[in-house]
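Hi there,

Please have a look at it alongside the text.

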Amino acid sequence: TETADLWEALEAESGEPVGEIMDTWIFQGGYPRISVTRSGDDIVLAQEPFRLIGPGEGSWKVPVLYRTASGSAKTLITDTPAVIHDAGSIVVNAGGEGFYRVAYDADLWPAVLDQLSALAPIERFATVSDAVANLLRGDLSGADYLSLVAALGDEDDKDVWSVALSGIAELDRVISSDDRRALQDYVKGLVSPKAGELGWNPADGESDRTKSMRSLLLKALGNLGDDGETIAMARSVYSADGGVEAEVADAALSI
């Protein structure tokens with residue numbers, strides 16, 4: 001509903017019929033990435049085709065919701081970049097519903113880290129998902145990605161954990177054996193507090209999402225973190241004679 005309202009408002013303000021905006025999406029493949037850069041006191045939003053490997057083609061008429069200290073606003077990005085005047089910090093894809101990637105320039109990255117925990121869960125998911133894509137494309141360093149994930153703090157959303165850990169798993173695939181222990185220690189420091197809070201035994205009335213998050217975090221501790229205590233507990237659970245909750249059993253088997 002929010003996205004539909006945005007498109008209607010943009011049609012009224014820009015004079016661009018919704019049908020013509022939609023044509024740029026229907027009659028070509030792919031999707032854009034919105035680059036977010038600073039120019040003096042302004043922030044510039046521009047588009048480029050997004051591909052993991054090699055250059056892309058095409059351009060779109062992209063309805064964008066964003067949020068600054070002044071509140072939420074909307075703009076339509078075409079081949080001409082949009083300029084947000086006198087913006088200190090910005091959240092692009094406010095609400096997390098936009099069908100595009102976002103890439104923040106290096107000098108805006110500290111503000112992204114500072115505001116991450118204050119975003120809505122779907123916005124945190126979108127921000128981390130974009131970071132994983134930019135990491136795989138080679139436009140975001142592993143160190144910057146790990147700094148972003150570390151800023152999640154006491155995350156309670158299973159989907160945010162899932163996408164964040166997927167990026168760490170990609171780094172685990174390529175990291176030097178000399179640095180693997182450092183990555184494992186990072187994972188243990190990141191995941192242990194929440195995994196310890198949840199424990200191995202589901203509480204009465206616990207939701208399915210919480211059970212699934214427990215399994216996800218235990219797998220990360222045992223597999224990505226190579227945590228000895230978690231591995232020993234997984235072996236004990238695996239050898240137990242029944243009575244093990246399904247998600248816990250799944251984690252134990254994976255580890």
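Let me start with a term: a residue is called buried under 20% relative accessible area, exposed over 50%, and partly exposed in between, using a 1.4 Å probe and protein chains only. By that rule, buried residues account for 43% of the 255 residues in the protein.

Some housekeeping before the details. This is a predicted model, in which local features need pLDDT of at least 70 and side-chain atom pairs count only at pLDDT 80 or more, while totals for chains, interfaces and linings use all residues. Residues are numbered from 1 along each chain as its sequence is written, and side-chain values use heavy atoms, with hydrogens and water left out.

**Overall picture**

The protein has 10 helices and seven strands; these are DSSP runs numbered from the N terminus, with helices being H or I of at least four residues and strands E of at least two. Along the principal axes, the C-alpha atoms fill a box of roughly 70 × 45 × 35 Å. Taking contact to mean heavy atoms within 4.5 Å, 64% of the contacts between residues at least 6 apart in sequence join residues at least 24 apart.

**Helix H6 and its two partners**

Two packed helices are described by the angle between their axes and the distance between the axes. The axes here are lines fitted to C-alpha atoms, for helices over the stretch in contact, and the angles run from 0 to 180 degrees between N-to-C directions. Angles under 35 degrees count as roughly parallel, over 145 as roughly antiparallel, 65 to 115 as roughly perpendicular, and the rest as oblique.

How does H6 pack against H7, and at what angle? Helix H6 (residues 158–174) meets helix H7 (residues 180–198) at about 165°, and their axes are 11 Å apart. The pair is therefore roughly antiparallel. H6 passes H7 in a left-handed crossing, meaning that the near helix is turned anticlockwise from the far one by less than a right angle (clockwise would be right-handed). On the H6 side the contact is made by Trp161, Leu165, Ile168, Leu171 and Asp172, and on the H7 side by Arg180, Leu183, Tyr186, Val187, Leu190, Val191 and Lys194. These residues divide into nine nonpolar, no polar and three charged. For the classes, Ala, Val, Leu, Ile, Met, Phe, Trp, Tyr, Cys and Pro count as nonpolar, Asp, Glu, Lys and Arg as charged, and the others, Gly among them, as polar.

With H8, H6 packs at about 20°, and the axes are 10 Å apart, so H6 and H8 are roughly parallel to each other. The crossing of H6 past H8 is left-handed. Among the residues making this contact are Trp161, Leu165, Ile168 and Asp172 of H6, and Met213, Leu216 and Leu217 of H8. By class, the contact has nine nonpolar, two polar and four charged residues.

**Loop residues to look at**

Is Glu155 buried or exposed? Glu155, in the loop between helix H5 (142–150) and H6, counts as buried because its relative accessibility is 2%. Its side chain is joined to that of Arg124 by a polar contact of 2.7 Å; such a contact is a pair of N or O atoms within 3.5 Å where, within protein, one must be able to donate a hydrogen and the other to accept it, and residues adjacent in sequence count only if both atoms are side-chain atoms. Leaving aside neighbours within four places in sequence, Glu155 is in contact with Arg124, Val160, Trp161 and Lys194.

Arg124 also turns up beside Leu116: not counting residues up to four places away, Leu116 touches Arg124, Thr127, Leu148, Ala151 and Leu152. Leu116 sits in the loop between helix H3 (109–115) and helix H4 (121–137) and is buried, at 0% relative accessibility.

Finally, two backbone notes. Most residues other than glycine have a negative phi. Asp86, in the loop between strand S5 (82–84) and strand S6 (91–92), has a positive phi near 50° and is exposed, with a relative accessible area of 61%. Asp226 likewise has a positive phi near 50°; Asp226 lies in the loop between helix H8 (208–224) and H9 and is partly exposed at 34%.

Best wishes
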